[in-house]
Amino acid sequence: MITPVTRARRAAFFALFLAIALLASTARAQDSVLVFNELHYHPADELAQTEWVELRSLQAVDVDIGGWRITGGIDYTFPNGTVMPGHGYIVIAAAPGQIAGALGPFTGQFDNGGETIRLVNRNGRTMDELSYDDEGEWPVGPDGGGVTLARRSASAASGAGQWAASSAV
């Protein structure tokens, strides 16, 4: 026989389980200090080496990102002393001289067919991850059309629906 006390304990346990599940599902988004914001992974002219990635800060405070890395098809380690301004942007380019203020160069290249890139802090913790593609629900314009893959809004949400082709070539 289930007593009222047992029923109350089960309800409390179930509520705790739901709360933990909810926190676990949102922890990644709350953890992201910086996110991938825009990606030029398949330029119209591949010989021009104009691949680049832009990071965006979701916080109002400056963040020391010296020693952080971008991994995946490209590899880049931020030099010591690199600071991301609060609510700011940083561009990392294959050929930084082609984009004013860009950091780089990075090694490797983005996969035109899609891949996963990660932003990893100096302790090895993944701070953001982007698994983009050139098929399915992903926009087709950035796949060699000259436009970039751009995040729709300032958030850490993931998935194809969070991304669009940029409006400028």
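Colleague: Hi! Is Y41 buried or exposed?
Modeller: In this predicted model, Y41 counts as buried, with a relative accessibility of 0%.

Colleague: And which aromatic partner does Y41 have?
Modeller: A search of the whole structure turns up three aromatic pairs. In one of them, Y41 is paired with Y132 in a tilted arrangement, 4.6 Å from centre to centre and with 40 degrees between the planes.

Colleague: Where do Y41 and Y132 sit in the fold?
Modeller: Y41 belongs to the loop between β1 (34-40) and β2 (52-57), while Y132 is in strand β10 (residues 126-133), so their pairing ties together parts that are 91 residues apart in sequence. Y132 is buried too, at a relative accessible area of 3%.

Colleague: Nice. What about the rings of F106 and F110?
Modeller: Their centres are 5.6 Å apart and their planes meet at 65 degrees; an angle over 60 counts as edge-to-face, so that is what this pair is. F106 is buried at 6% relative accessibility, and F110 is buried at 1%.

Colleague: Let's switch to strands. In what order do the five strands of the open sheet come?
Modeller: The order is β8-β5-β4-β9-β10, with antiparallel pairing.

Colleague: How many bridges join β5 to β8?
Modeller: Two, and the strands run antiparallel. Looking at one residue, D75 has T107 in β8 as its bridge partner.

Colleague: Now T82, where is that one?
Modeller: T82 is placed in the loop between β5 (74-77) and β6 (83-84). It counts as buried, at 12% relative accessibility.

Colleague: Which backbone oxygen lies 2.6 Å from a polar atom of the T82 side chain?
Modeller: That would be the backbone oxygen of P79.

Colleague: What else is T82 in contact with, leaving aside neighbours within four places in sequence?
Modeller: T82 touches V63, D64, I65, G66, I90 and L103.

Key. Residues are numbered from 1 along each chain as its sequence is written. This is a predicted model: local features need pLDDT of at least 70, side-chain atom pairs count only at pLDDT 80 or more; totals for chains, interfaces and linings use all residues. Side-chain values use heavy atoms; hydrogens and water are left out. Rings of Phe, Tyr and Trp (its six-membered ring) pair if their centres lie within 6.5 Å; planes under 30 degrees apart count as stacked, over 60 as edge-to-face and the rest as tilted. Helices (H or I, at least four residues) and strands (E, at least two) are DSSP runs, numbered from the N terminus. Buried means under 20% relative accessible area, exposed over 50%, partly exposed in between (1.4 Å probe, protein chains only). A polar contact is a pair of N or O atoms within 3.5 Å; within protein, one must be able to donate a hydrogen and the other to accept it, and residues adjacent in sequence count only if both atoms are side-chain atoms. Contact means heavy atoms within 4.5 Å. Two strands pair if DSSP finds at least two bridges between them.
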